[in-house]
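Here is my note on the model you sent.

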Amino acid sequence: ELVLENCTVSSSTAEFGAGLANWQSARVVSSAISNNLAEHIGGGVWNRAGARLEILNSTIVSNCAAFGGAIYSGGTFFVTNCTITANQAMGSFGSDEGKGGGIYFSSGSGVVVNSTLSGNVAYTPPLSPLGGIGGAVFVGGGALTFHQTTIANNEASRTAGGIYVLG
């Protein structure tokens with residue numbers, strides 16, 4: 001298990017999980033994950049299908065990816081007492097990118113408690129027929145639960161500035 005406590009992970013680039021790519025088990029405590037850029041998924045954090053991620057008392061700010069600006073999760077994750085702000089999911093014209101500015105949740109189970117998601121953006125260029133969905137959160141599958149959490153002032157260029165749940 002990886003444990004990051006009182007750490008800063010910033011200004012990194014990758015195709016997947018620019019700040020942190022979790023394949024098994026990771027715990028982030030009282031830390032900052034910021035200014036990371038992933039070409040594809042998980043600008044701040046990528047939590048692989050079947051992996052377990054716990055983030056406590058931390059900030060995830062100003063990260064960018066095509067899917068899941070702050071967090072992309074296909075596994076199990078718990079976010080408690082965190083601020084997820086000013087992250088971006090950016091797409092290009094005609095692409096299916098730009099989903100989940102804050103969190104892109106694809107499968108597994110997740111719980112977000114006593115946290116704030118604000119100022120996150122899911123964007124595709126004007127007139128693009130796809131992407132730009134779920135400014136704060138995009139749920140593509142699995143079970144995601146929020147308790148005592150504020151989701152405010154997020155933006156999507158097409159659909160659901162707050163939360164988008166795929167049918």
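1. A term to start with: strands here are DSSP runs of E with at least two residues, numbered from the N terminus. On that basis, isoleucine 55 belongs to strand β9, residues 52-56. Keep in mind throughout that this is a predicted model.

2. Isoleucine 55 comes next. Is isoleucine 55 buried or exposed? Its relative accessibility is 0%. The cut-off for buried is under 20%, so isoleucine 55 counts as buried. Setting aside neighbours within four places in sequence, isoleucine 55 is in contact with Val28, Ile60, Ile71, Phe78, Val79, Thr80 and Cys82. Phenylalanine 105 is 50 residues from isoleucine 55 along the chain, and their C-alpha atoms are 15 Å apart.

3. Isoleucine 60 has isoleucine 84 as its bridge partner in β14. Isoleucine 60 is also one of the contacts of isoleucine 55.

4. Another open sheet of six strands has the order β4-β8-β12-β16-β20-β24, again with parallel pairing. Here β4 (20-22) and β24 (163-165) are the edge strands, and each pairs on one side only. The twist averages 5° from one strand to the next. Which strand does β16 pair with over three bridges? Strand β16 (residues 103-105) pairs with strand β20 (residues 137-139), in the parallel sense. The bridge partner of isoleucine 103 in β20 is valine 137.

5. Serine 31 deserves a look. It sits in the loop between β5 (25-29) and β6 (32-34). Serine 31 is buried, at a relative accessible area of 7%. Its side chain reaches the backbone nitrogen of cysteine 7 at 2.9 Å. Beyond four places in sequence, serine 31 touches Leu4, Glu5, Asn6, Cys7, Asn57, Ser58 and Thr59.

6. Most residues other than glycine have a negative phi. Asparagine 6 is not a glycine, yet its phi is positive, about 55°. Asparagine 57 also has a positive phi, near 50°. Where do they lie? Asparagine 6 is in the loop between β1 (2-5) and β2. Asparagine 57 is in the loop between β9 and β10. Asparagine 6 is exposed, with a relative accessible area of 60%. Asparagine 57 is partly exposed, at 43%.

7. Last, arginine 27 in strand β5. Why is arginine 27 classed as partly exposed? Its relative accessible area is 29%, and the class covers values between the 20% and 50% cut-offs. Leaving out neighbours within four places in sequence, the contacts of arginine 27 are Glu1, Leu2, Val3, Leu4, Glu54 and Leu56. Leucine 2 lies 25 residues away along the chain, and the C-alpha atoms of arginine 27 and leucine 2 are separated by 6.2 Å.

Note on methods:
Residues are numbered from 1 along each chain as its sequence is written. This is a predicted model: local features need pLDDT of at least 70, side-chain atom pairs count only at pLDDT 80 or more; totals for chains, interfaces and linings use all residues. Side-chain values use heavy atoms; hydrogens and water are left out. Helices (H or I, at least four residues) and strands (E, at least two) are DSSP runs, numbered from the N terminus. Buried means under 20% relative accessible area, exposed over 50%, partly exposed in between (1.4 Å probe, protein chains only). A polar contact is a pair of N or O atoms within 3.5 Å; within protein, one must be able to donate a hydrogen and the other to accept it, and residues adjacent in sequence count only if both atoms are side-chain atoms. Contact means heavy atoms within 4.5 Å. Two strands pair if DSSP finds at least two bridges between them. Axes are lines fitted to C-alpha atoms, for helices over the stretch in contact, and angles run from 0 to 180 degrees between N-to-C directions.
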